[in-house]
Amino acid sequence: MMFVMYVLYILLIFIFVLDLYLAFKFFEYLYCTHILKQPPMVASNYLLRQALVDYINTYHKNVKNICDIGSGFGGLVRLLAEKTNANVYGLENMPFSVLMSRIYGWFYRTKSKIIWCDAFDWLDKSDIIFDVVVAYLGPDAIQKVLKYKNKMHILISMDFKLKNIKPVRVIKMSGATRYKGKLYPHMLYVYKFQ
Ligand SMILES: C[S@@+](CC[C@H](N)C(=O)[O-])C[C@H]1O[C@@H](n2cnc3c(N)ncnc32)[C@H](O)[C@@H]1O
């Protein structure tokens with residue numbers, strides 16, 4: 001009997017934590033769509049992330065600073081922090097995502113800096129020149145990154161390309177991102193700025 005009570009108690013705690021998590025996700029969704037007015041997006045595809053990390057480790061092996069513009073729950077930031085020797089920055093404007101990525105980062109003991117900010121406001125003020133900037137932002141938001149080309153050497157955009165500027169390399173992967181009903185094939189677009 002004691003054992004059953006114990007299992008039920010654990011189950012209740014689990015359901016409570018899950019409810020809390022879903023409630024926060026729901027409020028973050030509303031914050032994203034109604035206050036920030038940005039279309040909600042899922043995290044990047046795992047194979048695409050892996051290809052991105054392999055690309056950095058092959059062609060930009062000893063980079064010092066990497067920045068993920070719009071780091072979400074921090075999955076890509078953690079992978080970059082784990083697989084490269086760079087200082088990895090994640091810029092994210094949604095508070096619950098920032099909290100979760102800090103919790104995961106603490107849990108997995110990955111060294112990265114997650115900053116709660118509007119990435120473009122932050123880049124306006126920052127004097128760090130990033131060796132590599134990565135972004136998975138959507139077809140419109142990615143265009144804003146071009147304004148900061150003097151603050152980065154390499155930009156790797158996942159799935160969304162910059163208008164009027166030719167990538168130095170394009171890596172094709174299988175699958176696609178669906179964004180506002182349109183399919184964008186999985187690609188890494190690499191841009192070199194300086
Ligand atoms: C599709 S997710 C990408 C998450 C992660 N980089 C990945 O590859 O899985 C895009 C994230 O960018 C964030 N974002 C969009 N515009 C932003 C901005 N101006 N400043 C900071 N974060 C932004 C969104 O809140 C969202 O979490």
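1. Five residues of domain 1 are in contact with four residues of domain 2, where contact means that the C-beta atoms of two residues, placed from the backbone, lie within 7 Å. By class, the side of domain 1 that touches domain 2 has four nonpolar residues, no polar ones and one charged residue; here Ala, Val, Leu, Ile, Met, Phe, Trp, Tyr, Cys and Pro count as nonpolar, Asp, Glu, Lys and Arg as charged, and the others, Gly among them, as polar. Domain 1 covers 1-37 and domain 2 covers 46-192, with bounds that come from an automatic or database domain assignment. The centres of the two domains, taken over C-alpha atoms, are separated by 29 Å.

2. On the basis of the model: this is a predicted model, in which local features need pLDDT of at least 70 and side-chain atom pairs count only at pLDDT 80 or more, while totals for chains, interfaces and linings use all residues. Residues are numbered from 1 along each chain as its sequence is written.

3. The protein chain has five helices and seven strands, which follow one another from the N terminus as α-α-β-α-β-α-β-α-β-β-β-β. Helices (H or I, at least four residues) and strands (E, at least two) are DSSP runs, numbered from the N terminus. The C-alpha trace spans about 70 × 35 × 35 Å along its principal axes. Of the 194 residues of the chain, 31% count as buried; a residue is buried if 20 or more other C-beta atoms lie within 10 Å of its own, exposed if 12 or fewer, and partly exposed in between, with C-beta atoms placed from the backbone. Among contacts between residues at least 6 apart in sequence, 58% join residues at least 24 apart.

4. The shell around the ligand holds 21 residues, of which Ala 43, Ser 44, Gly 70, Gly 72 and Ala 119 come nearest; a residue is counted as near if its C-beta atom, placed from the backbone, lies within 6 Å of the molecule. By class, this shell has ten nonpolar, eight polar and three charged residues. At least two shell residues are supplied by each of α3 (75-83), β2 (87-92) and α5 (119-125).

5. The largest nonpolar core has 40 residues, and Ile 66, Val 132, Val 133 and Ala 135 touch the most other members. The elements that give two or more residues to this core are α2, β1 (65-69), α3, β2, α5, β4 (130-135), β5 and β7. Such a core is a set of buried Ala, Val, Leu, Ile, Met, Phe, Trp, Tyr and Cys residues joined through C-beta atoms within 7 Å. Leaving aside its neighbours within four places in sequence, Val 133 is in contact with Cys 67, Ile 69, Met 152 and Leu 155.

6. In α3, the residues Leu 76, Val 77, Arg 78, Leu 80 and Ala 81 are buried. The buried residues of this helix pack against α2, β1, β2, α4 (95-108), β3 (113-116) and β4.

7. Leu 137 is placed in the loop between β4 and β5, and counts as buried because it has 20 C-beta neighbours inside 10 Å. Not counting residues up to four places away in sequence, Leu 137 touches Ile 69, Gly 70, Ile 142 and Phe 160. The C-alpha atoms of Leu 137 and Asn 150, which are 13 residues apart along the chain, are separated by 19 Å.

8. Strand β5 (residues 152-158) is joined to β7 by five bridges, and the two run antiparallel; within this pair, Leu 155 has Tyr 191 of β7 as its bridge partner. Strands β6 and β7 also pair in the antiparallel sense, over eight bridges, with Pro 185 of β7 as the bridge partner of Ala 176. Two strands are taken to pair if DSSP finds at least two bridges between them.

9. Most residues other than glycine have a negative phi. Lys 37, although not a glycine, has a positive phi of about 55°; this residue is found in the loop between α1 (2-35) and α2 (46-59), and is exposed, with 7 other C-beta atoms within 10 Å. Lys 180 has a positive phi of about 50° and lies in the loop between β6 (169-179) and β7 (182-192). The hairpin of β6 and β7 has two residues between the strands, and Lys 180 counts as exposed, with 8 C-beta neighbours inside 10 Å.
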